[in-house]
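I opened the notebook to record what I looked up, one entry at a time.

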Amino acid sequence: MAVTDARLYAATAKTSTPLERADSGRRQTTVLTPEGVELRVEIAEIGERAGAFLIDALFIAGAVLALVFGTIYLAKFLSAYAVAFGLVVFFFIRTFYFSFFELIWRGRTPGKRLIGLRVIDRAGGPLRPSSVVVRNLLREIEVFLPLSVLMMPEAVGEAGLVRLCAAIWVGIFALMPLFNCQGLRIGDMVAGTLVVAEPKAA
């Protein structure tokens with residue numbers, strides 16, 4: 001039974017083919033569900049995804065700013081542990097912000113919700129928690145890790161060369177959605193997900 005399900009999943013994953021543009025100007029694709037029902041969805045544009053990411057980045061920055069003030073306040077009472085506590089909380093905010101909201105809001109973060117986007121399973125099935133976690137953990141490799149390298153202090157040896165490599169790395173992954181018809185980033189390719197525009201309620 002498991003083998004049959006795996007083959008059906010693989011077969012449906014291959015049937016997502018790009019179509020003409022919708023009236024909204026977005027590209028369309030047809031997703032075939034495991035039940036054999038065709039669903040036509042509009043693929044989120046690169047600008048929309050970038051806008052949603054920037055909104056989420058602002059929310060993260062606000063949470064980090066609140067964390068900094070909270071750490072300073074806690075330092076008066078827990079001077080030995082305040083910084084360690086702040087670093088742990090910062091790690092969880094940066095790493096699990098996207099996964100947390102996409103899990104509880106069915107594929108949406110605050111940024112995606114404001115822009116009108118949603119993450120779906122590329123094969124038409126339910127959005128699995130493992131897919132959500134995988135696509136967002138890979139964002140660490142795609143964005144946050146190289147950005148951390150770019151912010152290294154000048155005192156580090158060969159910092160210029162390392163920063164150049166990190167900038168090229170960010171550029172490659174940032175432009176990846178431009179080189180495939182469904183606008184997939186690496187995290188989407190590995191997790192089997194797709195970011196689409198939510199249909200407007202009538």
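Entry 1. Is Glu140 buried, partly exposed or exposed? I looked up its relative accessible area and found 15%, so Glu140 is buried. The cut-off for buried is under 20%. I noted that I am working with a predicted model.

Entry 2. I then looked for the partner of Glu140. Glu140 forms a salt bridge with Arg94, and their closest N and O atoms are 2.8 Å apart. Arg94 belongs to helix 3 and Glu140 to helix 5 (residues 129-150), so this pair ties together parts 46 residues apart in sequence. Arg94 has a relative accessible area of 22%, so I wrote it down as partly exposed.

Entry 3. I stayed with helix 5 for the next pair. Glu142 and Arg185 meet through their side chains in a salt bridge, at 2.8 Å from N to O. Glu142 is in helix 5, while Arg185 is in the loop between helix 6 (159-175) and helix 7 (186-191), so parts 43 residues apart in sequence are tied together. I found both Arg185 and Glu142 buried.

Entry 4. I checked Arg26 next. Arg26 makes a salt bridge with Glu48, with 2.9 Å between the closest N and O atoms. The two come from distant parts of the chain, 22 residues apart: Arg26 is in the loop between strand 1 (17-21) and strand 2, and Glu48 is in helix 2 (residues 46-74). Arg26 is buried because its relative accessible area is 16%. Glu48 stands at 18% relative accessibility, so it counts as buried.

Entry 5. How many salt bridges does a search of the whole structure find? I got 10. I also noted a network of salt bridges that links Arg49, Glu102, Lys112, Arg135 and Asp188.

Entry 6. I turned to the strands.

Entry 7. Arg106 sits in the loop between helix 3 and helix 4 (110-115). Its relative accessibility is 62%, so Arg106 counts as exposed.

Entry 8. Which residues make the nonpolar surface patch? I listed Val88, Phe91, Phe92, Phe96 and Leu137, with a patch area of about 440 Å². Helix 3 (residues 82-104) gives the most to this patch, with 4 residues. Phe96 is in helix 3. At 33% relative accessibility, Phe96 is counted as partly exposed.

Entry 9. I finished with the chain as a whole. I counted 7 helices and 5 strands. Along the sequence their pattern reads α-β-β-β-α-α-α-β-α-α-α-β. The chain has 202 residues, of which 36% count as buried. Of the contacts between residues at least 6 apart in sequence, 55% join residues at least 24 apart. The chain exposes about 11,900 Å², and carbon and sulfur atoms supply 72% of that area.

Terms used: Residues are numbered from 1 along each chain as its sequence is written. This is a predicted model: local features need pLDDT of at least 70, side-chain atom pairs count only at pLDDT 80 or more; totals for chains, interfaces and linings use all residues. Side-chain values use heavy atoms; hydrogens and water are left out. Patches are made of residues with over 30% relative accessible area and no salt bridge: like charges are joined within 9 Å, nonpolar side chains (Val, Leu, Ile, Met, Phe, Trp, Tyr) within 5 Å. Accessible areas come from the Shrake-Rupley method with a 1.4 Å probe; for residues, only the protein chains shown count as cover. A salt bridge is a side-chain nitrogen of Lys or Arg within 4 Å of a carboxyl oxygen of Asp or Glu. Buried means under 20% relative accessible area, exposed over 50%, partly exposed in between (1.4 Å probe, protein chains only). Contact means heavy atoms within 4.5 Å.
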